[in-house]
Each structure stands twice: as C-alpha cells, then as structure tokens.
Amino acid sequence: MAMRTVDRGPLALPPQVSLILFYVGAVGACTVSVTQPHYLEVDYTTHKAVTIECSFSATGCPSEHPTSLWFRYGTHQPENLCLHGCTNEADKFTVRESLAKNQVSLTVNRVTSNDSAIYICGIAFPSAQEPRAKQTREGTTLVVREIKPLSKELQGFLTAVLSLLSIYIIGVCVVFIVLSKQSKSNTLRNKETKEDSQKKKSARRIFQEIAQELYHKRYVERSQQPEKDNTYENRRALSNYERP
C-alpha cells in the first residue's frame, strides 16, 4: 500500500452531506477537527481489503460520544456509507470506532477497481449547537489498480545488467588499489634514491674538505722548508770565515 500526500483546498460538501450533518447536530459551542490520509493506492491482486484511518479532536464539546459518518464520491454520484452501522466483516464496508481514543476507521472489503473513489470521514456531536461541532476533511483518494510484476525476461535482463555493473565496479576498485600501491612504491623508491644521493654528496664533500686540508698543510710545510735550509747554510759559512 502506497501513501502520497496531496494538497487540496477545502471541499465543498454537497447538499446531501450537509443535510445529514445538520440532522445529526448543527449548532453548539464546540469545535471539531478531523484528520485522514490524503491518498492511498493499493493493488487488488495482493490486498483483499484496505482500511482508511480517521482521527479527530474536540474542544469545548459535550462529554457524550460523537457520531462518525462516512461518504464516498465515485464516478457517478455521492453515496452515504454505513448510516446504520457496518460492523460485519462480511459486508462490503466495515466501520470500527474507538471514540475514547478519538479514532474511527472504514475498511473496504474485497477491493476491486470499482472501489476507486474519494472517501470522506465526518464527525458530529448531535447535542452541540455550533456549526463547528460537525466537521469533515477533504477526504482520502483511494486508487485501486493491478500493479503487474516484472516479466521474467525483464527480470533476467535487469539481473544481467546488475551483474555486469557489479563486475565493472569490482574491476575499477582492483585497478585503483593496484595503481595506488604502485604509486606508493614509486614514491618510496624515489625517496630512498634521493637519500642515497644526498649521502653520497655528503661523503664526497667531506672527502674534498679533508683533501684540501691535507694539501694546505703540505703546501705550508714546503714553503717553510727552504727558509730553514738557507739559515743553516748561512751560519755554517759564517763560522768557516771566522776561523784563523
């Protein structure tokens, strides 16, 4: 059973409905508000009966139980349903009342496509003397139809399409995982290569610095060596000259 909300304006009651509500109770100081679903759709091949719920609230009304009324607008003319009560499930319509809980319901038994119509719930307090003591809603639009199941060929086609789609999604996920792993592996390899290159450059720089330092020391030692030799020869020559 599907339910869909449809916005409608206030429904103008036909003279027959207004007359019934007038004789039930027309004038008083209470206010009644009625609520029922806007739309019901059923498949008569799977649902043998459909129930239309109706709830109401009353303010400032007498302590007596109200009277519930049901009307149907079909393709031909309005109908008054269950004026004398419908309590037998063998009947076409069954009315159940839980007035202490402010709820009533109408069950349409053995539904067929001919039962498609607008069903209106009415609530009235007979002893009240106020126009608002009798109220209805815009009604519930009941649509009864045969909802045919999908053919075997169409079911097989949809199953094949879903299977191919599942395989495609799995393949895309596998490719994505493989590419992701390869990307991580390449990133790690590039990082290791860069670190090795930096280590080699660092070692080469240290070796160059050591070689430059050794070369500098050898250059300094060589530049000081001739001065020492010349000083020694000059002293030796002077000592030979001073001998008698």
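Reader: Let's start with β3. Is that strand mostly covered or mostly open?
Author: Mostly covered: five of its five residues are buried. Buried here means under 20% relative accessible area, exposed is over 50%, and partly exposed lies in between, with a 1.4 Å probe and protein chains only. Strands are DSSP runs of E with at least two residues, helices are runs of H or I with at least four, and numbering goes from the N terminus.

Reader: Which residues sit on which side of β3?
Author: Tyr 39, Glu 41 and Asp 43 are on one side, Leu 40 and Val 42 on the other, and all of them are buried. In a regular strand, side chains alternate between the two faces of the sheet.

Reader: Before I go on, where do these coordinates come from, and what are the ground rules?
Author: It's a predicted model, where local features need pLDDT of at least 70, side-chain atom pairs count only at pLDDT 80 or more, and totals for chains, interfaces and linings use all residues. Residues are numbered from 1 along each chain as its sequence is written, and side-chain values use heavy atoms, with hydrogens and water left out.

Reader: OK. How many bridges join β3 to β11, and which way do they run?
Author: Five bridges, and the two strands run parallel. Strands count as paired if DSSP finds at least two bridges between them. Asp 43 stands opposite Arg 145 in β11.

Reader: What does the side chain of Arg 145 meet in a salt bridge?
Author: The side chain of Glu 41, at 3.4 Å, N to O. Glu 41 lies in β3 and Arg 145 in β11, so the pair ties together parts that are 104 residues apart in sequence. A salt bridge means a side-chain nitrogen of Lys or Arg within 4 Å of a carboxyl oxygen of Asp or Glu.

Reader: Are those two buried or exposed?
Author: Glu 41 is buried, with a relative accessible area of 19%. Arg 145 is partly exposed, at 40%.

Reader: How many salt bridges in the structure?
Author: Five. Arg 72, Glu 79, Lys 92 and Asp 115 are linked in a network of them.

Reader: What does Asp 115 pair with there?
Author: One partner is Arg 72, with the closest N and O atoms 3.7 Å apart. Arg 72 is in strand β5 (residues 67-73) and Asp 115 in the loop between β8 and β9, 43 residues apart. Lys 92 also meets Asp 115 in a salt bridge, at 2.8 Å, N to O. Lys 92 is in the loop between β6 (78-81) and β7, 23 residues apart from Asp 115.

Reader: And how accessible are Asp 115 and Lys 92?
Author: Asp 115 counts as buried, at 5% relative accessibility. Lys 92 is partly exposed, at 27%. Arg 72 is buried too.

Reader: Switching topic: how many disulfides?
Author: One, counting pairs of cysteine sulfur atoms within 2.5 Å. Cys 54 and Cys 121 form it, with their sulfurs 2.1 Å apart. Cys 54 lies in β4 and Cys 121 in β9, so the pair ties together parts that are 67 residues apart in sequence.

Reader: Which hand is it?
Author: Left-handed, because the torsion about the S-S bond is about -75°. Both cysteines are buried.

Reader: What's around Trp 70?
Author: Leaving aside neighbours within four places in sequence, Trp 70 is in contact (heavy atoms within 4.5 Å) with residues including Cys 54, Cys 121, Glu 79, Val 95 and Leu 106.

Reader: Which residues touch the most others in the largest nonpolar core?
Author: Of its 29 residues, Trp 70, Tyr 119 and Leu 142 touch the most other members. Elements giving two or more residues to this core include β2 (31-35), β3 (39-43) and β4 (49-59). A nonpolar core is a set of buried Ala, Val, Leu, Ile, Met, Phe, Trp, Tyr and Cys residues joined through side-chain atoms within 4.5 Å.

Reader: Last one: what's the strand order in the open sheet?
Author: Four strands, β2-β4-β8-β7, with antiparallel pairing. β2 and β7 stand at the edges with a single partner strand each, so one side of each is left without a neighbour in the sheet. Within it, seven bridges join β4 to β8, and Ala 49 stands opposite Asn 109 in β8.
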